[in-house]
Amino acid sequence: MVVTTTAIAFISSSLGLGLCGFLFLRAFRKMGGLKAGNKASFLFLLFVFGTALQHAIMGFGNLFFVNSPVALHNVVTVGNIFLALSATVGVYLISYLFPAQISAWVATTTTLLFGIIVVIATIIAPFSPFVDIGNSIDWNFPHWLEILIYLLVLINISALLCTSVAMFSRSKGYDVKVISFVLVIVTSLGLLNIFLRFILLSEGVGPARTRFFDVTLTIIGIVLFAGLLITPLIRRYIKD
């Protein structure tokens, strides 16, 4: 079995996001769970777990089907389905947290329809992923599909950044603030990462852009683990 840097990157980020969701769930239960009537907290939790699941699909799909371009194509399709659903939840959550002139359902429906377009485009697009010389997955997307996927990922990460900022500023609980603050850091790094991968670095760069993307995504997973696990230990040590 070939273990690519892409598989390592997505698995590490999925585990970090999963830990984030678990710790937030624990904090949510301390506030009374569903009985607390905190719709924003529930949606935020759903959003984080949805994003973690999408990363897990991409990571383990890369791990087990690395030698099958057809299977990797299907992995991307399934991953984009969950990405579209996650982005839709994120946009609805933003509309809920920041009421504006536009209807929340208009923004949410528009995001969902765009996600469906991206999924259909992924299904019909002719691309054949392969392992490049840097041991990363080159998805070999057509340029037009790459732009569509970039926009959907941009929506998802931007929504996670905005909701994390809102949770940090509005929550009175220490645990929620720590989770939100760490998410603000990693989502900011994530926005930079996808901009470099999809926009700034051209095709002429070759495997360097996929390797850079994978390394940065791995760092994001590590930062999530370190921030969420070490910070509470430091706080406990200071109290003692």
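Buried residues account for 51% of the 240 residues in the chain. The model is a predicted one. Seven helices and two strands make up its secondary structure. Read from the N terminus, the elements follow the order α-α-α-α-β-β-α-α-α. Contacts between residues at least 6 apart in sequence were examined for their reach along the chain: 74% of them join residues at least 24 apart. The chain exposes about 11700 Å². Carbon and sulfur atoms supply 74% of that area.

Helix α4 was considered next. The helix spans residues 104-124 and has 21 residues. From its first C-alpha to its last, α4 reaches 31 Å, close to the 30 Å expected at 1.5 Å a residue. Its buried residues are Ala104, Ala107, Thr108, Thr111, Phe114, Gly115, Val118, Val119, Ala121 and Thr122. Seen down the helix axis, these buried residues fall within an arc of 160°, so they line one face of α4. They pack against α3 and α5, helices that cover residues 69-97 and 143-170, respectively. On the other side of α4, Trp105, Ile123 and Ile124 are exposed.

Ser95 sits in helix α3. Its relative accessible area is 17%, under the 20% limit, so Ser95 counts as buried. With neighbours within four places in sequence set aside, Ser95 is in contact with Ala104 and Ala107. Both Ala104 and Ala107 are among the buried residues of α4.

The surface carries a nonpolar patch of about 840 Å². Its members are Ile81, Leu85, Leu112, Leu113, Ile116, Ile120, Ile123, Ile124 and Trp144. Two elements, α3 and α4, each give two or more residues to the patch. The most come from α4, with six residues. Ile124, one of the patch residues, is found in helix α4. Its relative accessible area is 60%, over the 50% limit, so Ile124 counts as exposed.

The structure holds two salt bridges. In one, Glu146 pairs with Arg197, the closest N and O atoms being 3.3 Å apart. This pair links distant parts of the chain: Glu146 belongs to helix α5 and Arg197 to helix α6 (residues 174-200), 51 residues apart. In the other, the side chains of Arg209 and Glu146 meet, with an N to O distance of 3.3 Å. Here too the link is between distant parts of the chain, with Arg209 in helix α7 (residues 207-239) and Glu146 in helix α5, 63 residues apart. Glu146 has a relative accessible area of 3%. Arg197 stands at 5% relative accessibility, and Arg209 likewise at 5%. Side chains of opposite charge can pair when their charged atoms come close.

Phe10 lies in helix α1 (residues 5-30). The residue is buried, with a relative accessible area of 8%. Not counting residues up to four places away in sequence, Phe10 touches His55, Met58, Gly59, Phe213 and Leu217. The C-alpha atoms of Phe10 and Asp214 are separated by 7.8 Å. Along the chain, Phe10 and Asp214 are 204 residues apart.

Methods:
Residues numbered from 1 in each chain as written. Predicted model: local features only at pLDDT ≥ 70, side-chain atom pairs only at ≥ 80, totals over all residues. Heavy atoms only, no water. Patch = residues over 30% accessible without salt bridge, like charges linked within 9 Å, V, L, I, M, F, W, Y side chains within 5 Å. Areas by Shrake-Rupley, 256 points an atom, 1.4 Å probe, with all protein chains shown as cover. Salt bridge = Lys/Arg side-chain N within 4 Å of Asp/Glu carboxyl O. Helix = DSSP H or I, 4+ residues; strand = E, 2+ residues; numbered from the N terminus. Buried < 20%, exposed > 50% of the residue type's maximum accessible area, 1.4 Å probe, protein only. Contact = heavy atoms within 4.5 Å. Expected span 1.5 Å × (residues − 1). Arc of directions from axis to C-beta.
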